[in-house]
Structures are given as C-alpha cells and as structure tokens.
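The entries follow in the order I looked things up.

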Amino acid sequence: MTWSGTRPYRSHTNHLEEPTDERAVVEGVEVSTDHLVGGQRLASSDRFADVSPIDEQIIAQVARGDADTVDLAVAAADGAAEAWGRTPPKERAAVLHRIADGVEARVEELSVVETRDNGSLLRSHRRSVMPRVARNFRFFADKLLELEREGETSFNGNRERFSWDPSGVTAVIGPWNAPLMLATWRIAPALAAGNAVVHKPAEWAPLSASLLGDIALDAGLVPGAYNVVQGIGEEAGAALVAHPGVTRIAFTGSVETGRLVAAAAAANLTPASLELGGKSPFLIFADADPSAALDQAVGQFDNAGQVCLAGTRLLIESSIYDAFLERFAEATGHVVQGDPRDEATDIGPLISREHFERVDGFVRAGHAEGSKALVGGGPNDDLGGLYYRPTLFVDVPRGSALLTREVFGPVLTAQPFRDEAEAIALANETEYGLAATVYTGDEARARRVGEQLVAGTVWVNCFFVRDLDAPFGGSRNSGIGREGGRWSFDFYADVKNVVTAPSSGG
Ligand code: NAD
C-alpha cells in the first residue's frame with residue numbers, strides 16, 4: 001500500500017494560531033477542552049457549554065470550532081497523511097495495537113468521563129463499551145495485515161496484486177449515544193488504511209475524543225494523523241463535510257443530518273458512508289423461548305432507548321400477545337432508573353433538555369391520538385431532571401408517528417400479528433432498515449423470516465451480537481454502505497489492482 005496523495009486544494013487559512021491547552025477536570029480526570037490539530041491543542045475564541053445529562057450541570061466549556069479550524073485540521077491531516085500512508089502496514093498495525101493498549105490502560109478514566117458526559121451506564125462502559133473501543137483498534141490492525149497477505153493472486157497466468165491504498169483525509173462525524181465506541185469503529189479502519197482523520201465529535205458528548213487524542217499521541221501515532229475539531233454540527237460539522245480536502249466521509253447520526261451530509265459530499269464527489277437511524281422490529285413467535293424473548297424485549301430500554309439498533313416495535317403473535325405483555329409490564333417494573341454511575345442502575349437519563357422535550361412530544365401525541373400506555377407514559381417525576389419512564393404503547397393507530405418515526409428514547413410499541421406473513425408485512429412497514437430481531441423456536445421459520453426482512457442485520461434468538469468482520473450498515477433510510485472487516489477497507493482505501501504479465505520478469 002503506497003501513498004497516492006489527496007486531491008489538491010488550497011487552504012484559505014493563512015495564519016496558525018498559538019497552541020493552547022485549556023483543561024477541565026471531570027470526575028477527577030483532566031480533559032483538554034480544546035481542539036487537537038497537527039498534534040497540538042488549539043483553542044477557539046468561542047466556547048460552548050458541555051452539560052451533563054445526569055444533573056444538567058455544566059462540566060466543561062469546549063472550544064467551538066468554525067470553518068477556519070476545520071481548514072487548519074484538514075491541512076494538518078493532509079500533511080500527516082503522506083507520512084502515515086507511507087508507514088509500512090506492519091508498523092501501522094503496531095501503532096494501532098499501542099492505541100488499544102492505551103485505551104485498555106485508561107478504561108476507568110474513559111468510562112467515568114463518558115458516563116458524566118452522555119449519561120449512559122458506567123458499568124457498561126467499564127465492562128463492554130471501552131473494551132470494545134480497544135477491540136476496534138486491534139481488529140482493524142490485524143485485518144490490515146490479513147489483507148496484505150490475501151492481495152496476491154493470479155488470473156490467466158498473470159500475477160495480480162490487489163491493494164488497499166491510503167485515500168487521504170477521512171472526516172469522522174458521530175453521535176453522542178456511544179461516542180467513543182462508534183467513532184473508533186470508523187477511526188480505526190481509516191487509520192489502518194493509512195488515512196489521516198479529522199474527527200468532529202457530537203457537541204453533546206465531546207470529551208472522550210479529547211482523551212483518545214492523548215492516547216494516540218502517547219502511542220506514537222504520527223502527529224496530525226488524528227485530529228479533533230470540537231464544535232457544533234451546523235458549524236464545524238457542515239464545514240468539514242463540505243471541505244474539498246476530505247476524501248472520505250464517515251457519518252453516524254440521524255437521517256435528517258445524513259441527507260445534509262450526503263448533499264455536501266455530492267458537491268465534491270466525496271464517497272460517504274452513512275450509518276443512520278432505525279425503527280427496528282422485534283418479532284416474537286408463540287414457539288419462542290418465552291423467558292429469553294422477554295429478557296431481550298425489556299432490554300430494548302437499554303441506554304434509555306438511545307440506541308440506533310433498538311428493536312422498538314414489538315411484534316407479538318396473537319396467541320401469546322396478552323400473556324406476554326402482562327409479563328413485560330411486570331418485568332419493566334423491576335428496571336431500575338437512576339444515576340448511571342450507580343452499579344444498581346439499569347437506565348439513566350436522556351441526553352439533553354431539548355431531546356427530552358422531543359421524546360415527550362412523541363409520547364404526548366401518542367396519548368392524544370388514543371394510543372394506550374400500558375407501561376410508563378411520561379417523565380419520571382420521582383427523579384426529575386432528564387429521566388423519562390420506560391414506556392410501552394399498545395393499540396397504536398396505523399400511521400402513528402410512534403410506529404413510523406425514530407423516537408430515540410425509552411418508548412416502545414406493541415402490535416399483535418396472526419401469522420408469519422402478517423409479521424413480515426408489519427416488520428417491513430417502515431422507511432428504515434437498520435436491524436431486526438426474531439425470537440422463534442423453529443429454525444426453518446427463522447430462516448424464512450430472516451430472508452424476507454429488510455434490514456442490514458437480523459438477529460435470531462439473540463441481540464447485539466457484533467462480529468467486526470461481518471458487514472454492518474443500514475438498508476433504506478438507515479444508511480448508505482456497509483462497513484466491517486474487508487468492507488471497511490473497501491470504503492476507506494483506494495482499492496487498486498496491479499496486473500503483471502508472466503513475461504515481465506524478462
Ligand atoms: P445528529 O444527526 O443530530 O448528529 C450527529 C452528528 O452530526 C453530530 O456530531 C452533529 O454535530 C453532526 N451534525 C449536525 N448537523 C450537521 C451538519 N449539517 N453537517 C455535518 N454534521 C452535522 O444525530 P444525534 O442526535 O447526535 O444521534 C442520534 C442519531 O444517530 C439517531 O438517529 C441514531 O439512530 C443515529 N445513530 C445511528 C447509528 C448507526 O450505527 N446506524 C449509531 C448510533 C446512532
């Protein structure tokens with residue numbers, strides 16, 4: 001894999017600002033609140049308040065990047081991309097493994113900061129989310145070396161060499177619900193492919209990206225190969241995706257923003273990989289293991305429903321509908337809502353006041369249209385703040401926003417179905433196609449139903465099993481493209497075939 005250079009562009013920023021490093025102390029951990037550009041911290045004259053959803057307190061004032069900051073970061077990335085892209089794959093892989101080591105050594109710090117910043121469970125960060133961040137780096141480091149070996153082949157006596165060449169500067173823009181895990185799922189393969197990265201984290205949870213910057217520099221990553229521009233989506237985010245120096249855009253977020261990103265990408269013909277929202281069905285057939293199905297169905301409230309893959313539409317076979325819902329309501333009563341830092345807590349708060357009002361708007365509209373809240377149905381008045389009760393609506397009229405729009409909160413619906421055909425029809429009655437879950441004791445049925453569901457991932461008798469070597473992405477409005485394993489390299493790299501005739505040796 002060799003450096004091929006990014007497309008030419010002219011930086012419109014002609015001054016380099018003085019390096020600074022404003023730091024906040026969050027849960028005892030020092031975090032830079034500035035950008036990271038070319039291996040140095042950089043401030044902006046403006047800052048935005050980072051508010052913790054746990055208690056709505058301001059925990060940091062973060063640099064508010066603009067088009068000039070983006071220009072500096074893309075220029076720095078472009079400069080570093082050459083050295084990083086020329087670094088032999090074995091050495092690149094070693095650096096990625098060292099980043100993973102750094103993540104593992106700082107799991108506790110990353111976990112407490114991320115929980116304070118986005119309100120998701122501390123115990124999940126410690127046990128699964130941050131270890132997965134490290135795994136993102138290790139997996140793509142190893143995959144890089146595997147592709148190196150697999151690239152040698154032949155055709156009609158000619159030697160062929162497939163290579164995944166660095167493509168230049170990758171823009172990574174992500175959401176707040178699992179900020180570091182989702183960002184590194186894009187950053188790790190982009191770096192492995194030899195690209196430099198400019199990362200614009202979500203303004204609702206910007207801090208873990210800053211810690212990753214420290215870890216990457218400590219690991220010996222070429223300065224400028226990983227840059228962080230903090231800021232607001234409509235400002236720094238929009239400037240980044242419109243930048244002509246960017247050669248790949250990896251965006252994770254809502255469908256609405258995805259459309260804006262795709263439009264900006266189209267103007268520069270920049271390839272974009274979009275991982276967007278979902279409204280996934282969760283099918284429960286009468287022959288399913290009832291306890292396993294129940295546990296996973298209640299588990300759809302995880303992270304207060306702020307999970308893109310959540311199966312928010314429960315579709316239940318009519319013969320078990322009433323009994324299942326009775327058990328569901330009982331089991332939901334045992335879900336503990338509270339401070340996400342407490343080990344006993346199952347569900348924390350919603351991310352922001354604005355999002356809380358949005359979720360509440362869906363629920364109020366549901367009540368108004370005659371949908372019935374079998375469980376929950378409003379804010380958690382005992383806890384106050386941004387805590388919203390796990391809610392399940394039944395008798396929801398066809399076409400209701402509760403069935404068609406992504407709420408991204410702890411709000412599920414239940415619908416009965418008579419037979420397999422109706423289950424599939426209801427499941428596919430959506431503009432989304434991110435994931436689907438099926439609980440059944442019949443393997444032949446699982447296969448039939450799985451084949452007919454429109455979704456990037458179908459889980460049968462399980463949920464959230466994520467093989468990093470498998471294709472991942474959304475159908476319909478849930479996204480464009482697939483990543484994972486080789487699919488990631490196919491996106492981030494410039495894939496090339498060198499064909500050499502047998503006589504070339506002379
Ligand atoms: P969002 O679309 O509001 O924001 C996502 C990111 O885009 C943020 O960093 C934001 O600053 C940035 N942004 C906003 N406007 C922009 C613009 N004009 N140009 C460029 N960037 C811009 O989404 P969110 O509320 O942060 O996240 C929730 C959404 O993300 C949900 O729809 C959820 O389903 C989706 N999501 C999808 C996946 C997946 O893998 N498919 C994973 C997690 C979340």
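I count two strands as paired if DSSP finds at least two bridges between them. Helices (H or I, at least four residues) and strands (E, at least two) are DSSP runs, numbered from the N terminus. The model is predicted, so I note that local features need pLDDT of at least 70 and side-chain atom pairs count only at pLDDT 80 or more, while totals for chains, interfaces and linings use all residues. Residues are numbered from 1 along each chain as its sequence is written, and side-chain values use heavy atoms, with hydrogens and water left out.

Entry one, the sheet. I looked up the bridge partner of L392 in strand 18 and found L412. Strand 17 (residues 391-394) and strand 18 (residues 411-417) pair in the parallel sense over 3 bridges. I then read the strand order of the open sheet of 7 strands: 16-17-18-15-14-19-20, with mixed pairing. Strand 16 (372-375) and strand 20 each have a single partner strand and stand at the edges, so one side of each is left without a neighbour in the sheet.

Entry two, helix 14. Which residues of helix 14 (residues 443-452) are buried? I found R445, A446 and V449, where buried means under 20% relative accessible area and exposed over 50%, with partly exposed in between (1.4 Å probe, protein chains only). Seen down the axis of helix 14, these buried residues fall within an arc of 100° (taken from the directions from the helix axis to the C-beta atoms), so they line one face of the helix. The face turned away from the buried side of helix 14 carries the exposed residues E443, R447 and E451.
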